[in-house]
Amino acid sequence: MFILGSGSPRRKELLAQIGVVPDDIRAPDIDEDPLKGELPRPYCRRITRAKVAAVTAETDDVILCADTTVALGRRILGKPADAAEAAAFLRLLSGRRHRVITAVAVRRGEEIWEKDVVSTVRMKSLSDEELNSYLATQDWRGKAGGYGIQGPAGALIPWISGSFTGIVGLPLAETANLLRAAGHPVLQAPS
């Protein structure tokens, strides 16, 4: 059985692009608060490992979990609690480059395969009108850094370097390799 350890509809859609459909979805409930002084990349890897370890499964099941973190320097920008925090995050990112880190972990039995992908994103300088228009879409909800590149915020991102699917929340090339390593088929035609 293949279990997606994520409630993210985006991750489910991305997996479908490589012919992988979860038999079950079990989003783990873990504490995602950063540790004092924790840097973004180690934080993202730690959270992903905690997620994959928290999913209950049979020995032969394949579980996939991921975490996406937006980093501005050493600062971790998580999912905003409300529109005011989303606005604060977007003002910080406005006109600047930042990193989007997505860590992926695949578990089968006791074995875990892991990979993290770091992409660089530049957000245009936002006018108050652009900021308020974006906030009004509500697209910032549940998204690290307060935006999702695959939605309306795509109009605010003129440049990226790295993995587009990693920025969305699941780097497909790396994910396919991890699934293959765990013995799970990828790019199979639907039966």
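Trainee: Which residues does T102 touch, leaving out those up to four places away in sequence?
Mentor: Numbering starts from 1 along each chain as its sequence is written. This is a predicted model, where local features need pLDDT of at least 70, side-chain atom pairs count only at pLDDT 80 or more, totals for chains, interfaces and linings use all residues, and side-chain values use heavy atoms, without hydrogens and water. Contact means heavy atoms within 4.5 Å. For T102 that gives C44, A66, D67, T68, K115, D116, V117, G166, G169, L170 and P171.

Trainee: Is T102 buried or exposed?
Mentor: Buried means under 20% relative accessible area, exposed over 50%, partly exposed in between (1.4 Å probe, protein chains only). The relative accessible area of T102 is 0%, so T102 is buried.

Trainee: Which backbone oxygen does the side chain of T102 reach?
Mentor: A polar contact is a pair of N or O atoms within 3.5 Å; within protein, one must be able to donate a hydrogen and the other to accept it, and residues adjacent in sequence count only if both atoms are side-chain atoms. The backbone oxygen lies at 2.6 Å and belongs to G166.

Trainee: Which residues have the most contacts inside the largest nonpolar core?
Mentor: A nonpolar core is a set of buried Ala, Val, Leu, Ile, Met, Phe, Trp, Tyr and Cys residues joined through side-chain atoms within 4.5 Å. The largest has 43 residues, and those with the most contacts inside it are L15, L64, Y147 and L179.

Trainee: Which residues does the second, separate core include?
Mentor: That core has six residues. Among them are V52, V55, C65 and A105.

Trainee: How many disulfides does a search of the whole structure find?
Mentor: A disulfide is a pair of cysteine sulfur atoms within 2.5 Å. For C44, the nearest cysteine sulfur is that of C65, 12 Å away. The search count is zero.
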